[in-house]
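Thanks for asking me to look this one over. Here are my notes, in numbered points, for you to read alongside the model.

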Amino acid sequence: FTIKNKSVNMHNILIFPGGTENGLEIYRSLQYAKNVNLYSVSSDVPNHAKFVYQNHFIIPDIYNEDCLTRLNEIIDQNDIKLIFPANSLVIDFLVENRDNINAKIFLTDNDIVRTVRSKKKTYLLFKEIIPTPKILNVSSIDEYPVFIKPDKLYGSQGARIIYSPNVLNSIELDLSDYVITEYLPGKEFTVDCFSTKKNGVLFASARERVRIRMGTSMRSARADHHIQKYSRKIAERIFSKLNIDGLWFFQLKYSKNNELKLLEIEPRVAGTMGYSRALGVNLPLIYLHYMKGKQIKIPKIASHSIILDRALQNRYITNLKYNTVYIDLDDTIIIKGKINLEIISYLYQCINNNIKIVLITKSLENDLYSFLAKMRIKDIFNKIICLNEDDSKSNYIKEADAIFIDDSFSQREEVNNKLGIAVFDPSMIDVLLKKCI
């Protein structure tokens, strides 16, 4: 029979910038979406994007007059249809140049963005309908500590607690660019939202920012029922004023009087929006369907509890090139009687990239093939070499462009000394893993 090729309408999406926590969350949300190709762009500063994206481009920073020209060149050359902004300063740039950018932007109306980008404007707009922090000026402060933060930056950039007038007077800052408010010492929450002009608030889910580092929630947990109910009410009040179209989030924090007050509203993906995704609601993907004109439906949020916790993760770029992998079995692919999941992931990466996989083992299993079949891994190898205990594995490695993976130091040393090829133990597999598929 003949399989007919179907015409597929691919959606090329540019994440700008791709290497931020927000950009990486967009990537994680869309990487497996049907008919989607993801591209990344950023200025020429060291960032994580080149470790993740197959297509990453460098452009002048947003303050350079050539930025827009180069951005449009990338859009045109790669048939980019949509831009997903992943940084508040980039959003400012996109808003100012929206009419001159050759792609649609995942972003609500410009006037809404300009309003919420200023914390002062936001607090003044909502002070009658939502509890907001008391705005202070230097002469009106009657109680310390107070909190200062830039009016238009994001995260924790430039934010600090001021404990005394002496400290405030000694700060060498133009405070006209900052907002001074009462200090809110209590628990903090982020509320992920999705709304449309036609249907109002379709989704609002609150999570507690349990542990925060550099403005990013490193640990998040679901807020209780009372907070969820209150957050939904606040989301609807925000929408009643702004009519936000698309995804957004806002943050709340308890005052010393145990009152939840508005910290900020952002019309973009939050770095920890993956918490909602883990509960079954992939907001960037829903936004993509909405931008494509599809009828959207918000899934029912999962009933089980989830705690999200972040830790630093290593990614690597190497100049290593190889076409064959020789790999050991015991204590390498199989560790303590179980499959090493990281190595299995790597071996399937090799299959995706047409790299030959050779199992080279001194296993003591009586029936090696039955054991491999039991572990469901027999068919992933191009070749299986079973050796005696006194055999040298280096004698069976013929390709010059091969690598060798084995838990045994002596066998790795022998192979490396004799053949000069790269060798790895199981703890080094993350060097070989690539994020992109």
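1. A salt bridge here is a side-chain nitrogen of Lys or Arg within 4 Å of a carboxyl oxygen of Asp or Glu. Buried means under 20% relative accessible area, exposed over 50%, and partly exposed in between (1.4 Å probe, protein chains only).

2. A word on the basis of these notes. This is a predicted model, in which local features need pLDDT of at least 70 and side-chain atom pairs count only at pLDDT 80 or more, while totals for chains, interfaces and linings use all residues. Residues are numbered from 1 along each chain as its sequence is written, and side-chain values use heavy atoms, with hydrogens and water left out.

3. Back to Lys-119, which sits in helix α5 (residues 119-126). Its side chain reaches the backbone oxygen of Pro-150 at 3.5 Å. Helices (H or I, at least four residues) and strands (E, at least two) are DSSP runs, numbered from the N terminus.

4. Next, helix α1 (residues 21-30), where eight of the 10 residues are buried. Among them are Leu-24, Ile-26, Tyr-27 and Leu-30, and also the charged residue Glu-25. The cover over these buried residues includes strands β1 (11-16), β2 (36-42) and β4 (82-85), together with helices α8 (274-278) and α9 (283-291). Glu-25 also belongs to a network of salt bridges with Arg-28 and Arg-277.

5. Now please look at strand β11 (residues 200-213), which pairs on both sides of its sequence neighbourhood: with β10 (residues 188-196) through eight bridges and with β12 (residues 216-222) through six. Two strands pair if DSSP finds at least two bridges between them. Both pairings are antiparallel. Val-191 stands opposite Ala-206 of β11, and Arg-207 has Arg-222 in β12 as its bridge partner.

6. The turns deserve a glance too. The β10–β11 hairpin connects through three residues, whereas the hairpin of β11 and β12 has two residues between the strands.

7. Arg-209 lies in β11 and Glu-188 in β10, so the pair ties together parts that are 21 residues apart in sequence. Both residues, Arg-209 and Glu-188, are buried.

8. Arg-211 is partly exposed, with a relative accessible area of 37%, and Asp-309 is partly exposed at 40%.

9. Finally, Lys-393 and Asp-406 form a salt bridge, with 2.6 Å between the closest N and O atoms. Lys-393 is in the loop between β20 (383-386) and β21 (402-405), and Asp-406 is in the loop between β21 and α12 (409-419), 13 residues apart. Lys-393 and Asp-406 are both buried.

Definitions and conventions: Contact = heavy atoms within 4.5 Å. Polar contact = N/O pair within 3.5 Å; in protein donor to acceptor, adjacent residues only side chain to side chain.
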